[in-house]
Amino acid sequence: LADNEDMGAWSSWWLTGATGLFPIPGTTLWLVGPPRFSRIRLAPPGCEAPLEIVAEGDGVVVGTALNGRPVDRCWLDHREITGGGRLELQLHAEPAGWGSSGVPDVFRL
């Protein structure tokens with residue numbers, strides 16, 4: 001296809017990031033960020049059940065809960081979301097220090 005240098009790759013990265021989850025290449029980790037949708041249901045192949053992502057508010061992520069349990073880090077491991085469930089994201093106009101703890105081992109030197 002003329003002028004289609006990436007064969008849709010950038011579109012797939014944008015769409016994935018728009019869900020509020022962004023893959024970190026070479027790892028099993030997903031960064032958590034503000035989604036473009038207030039509610040989305042994902043049912044990727046290989047997952048046991050769908051993952052519903054629900055965002056309340058507007059702005060940056062200031063709190064997260066996965067299946068009712070608070071998550072204080074800005075990343076999830078792929079194994080945490082393949083079982084499906086509900087990812088709740090609290091958004092606010094001002095950052096609140098959420099996600100600044102728990103650096104994954106893959107980033108430690």
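The legends below describe close-up views of a predicted model.

**View 1. The three-stranded open sheet.**
Three strands form an open sheet in the order S1-S2-S7, and their pairing is antiparallel. S1 and strand S7 (75-77) are the edge strands; each has a single partner strand, so one side of each lacks a neighbour in the sheet. From one strand to the next, the twist averages 35 degrees. S2 and S7 are joined by 3 bridges and run antiparallel. In this pairing, Leu31 has Trp75 of S7 as its bridge partner. Helix H1 (residues 9-18) lies across S1 and S2, and runs at about 140 degrees to S1.

Phe22 belongs to strand S1, which covers residues 21-23. Beyond the neighbours within four places in sequence, Phe22 is in contact with Trp13, Gly17, Leu29, Trp30 and Leu31. Phe22 and Leu76 are 54 residues apart in sequence, while their C-alpha atoms are 9.8 Å apart in space.

**View 2. The aromatic pair.**
How many aromatic pairs does a search of the whole structure find? The search finds 1. The pair is formed by Trp13 and Phe22, whose ring centres are 5.2 Å apart. The planes of Trp13 and Phe22 are at 45 degrees to each other, and the pair is tilted.

**View 3. Arg73 over Trp75.**
Arg73 lies over the face of Trp75, at 4.3 Å from the ring centre. Trp75 of S7 is also the residue that bridges to Leu31.

**View 4. The largest nonpolar core.**
The largest nonpolar core has 15 residues. Which of them touch the most other members? They are Leu21, Leu51, Leu76, Leu87 and Leu89. At least two residues of this core come from each of strand S2 (29-32), strand S4 (51-56), strand S5 (60-66) and strand S8 (85-92).

**View 5. Contacts of Leu21.**
With neighbours within four places in sequence left aside, Leu21 is in contact with Thr16, Trp30, Leu31, Val32, Leu51, Ile53, Leu76, Ile81 and Leu87. Among these, Leu51, Leu76 and Leu87 are, like Leu21, listed with the core residues that touch the most other members.

**View 6. Strand S4 and its partners.**
S4 pairs with strand S3 (residues 39-42) in the antiparallel sense, over 4 bridges. In this pairing, Arg41 has Glu52 of S4 as its bridge partner. S4 and S8 run parallel and are joined by 6 bridges. Ala55 stands opposite Leu89 of S8; Leu89 is also one of the core residues that touch the most other members.

**View 7. Thr64 in strand S5.**
Thr64 lies in strand S5. Is Thr64 buried or exposed? Thr64 is buried, because its relative accessible area is 8% and the limit for buried is under 20%. Which residues is Thr64 in contact with, leaving aside its neighbours within four places in sequence? They are Val32, Arg69, Pro70, Val71, Leu87, Glu88, Leu89 and Trp98.

Note on methods: Residues numbered from 1 in each chain as written. Predicted model: local features only at pLDDT ≥ 70, side-chain atom pairs only at ≥ 80, totals over all residues. Heavy atoms only, no water. Core = buried A, V, L, I, M, F, W, Y, C linked by side-chain atoms within 4.5 Å. Buried < 20%, exposed > 50% of the residue type's maximum accessible area, 1.4 Å probe, protein only. Contact = heavy atoms within 4.5 Å. Pairing = 2+ DSSP bridges. Phe/Tyr/Trp six-rings, centres within 6.5 Å; stacked < 30°, edge-to-face > 60°. Lys NZ or Arg CZ within 6 Å of the ring centre and 35° of its normal. Axes fitted to C-alpha atoms, helices over the stretch in contact; angles between N-to-C directions.
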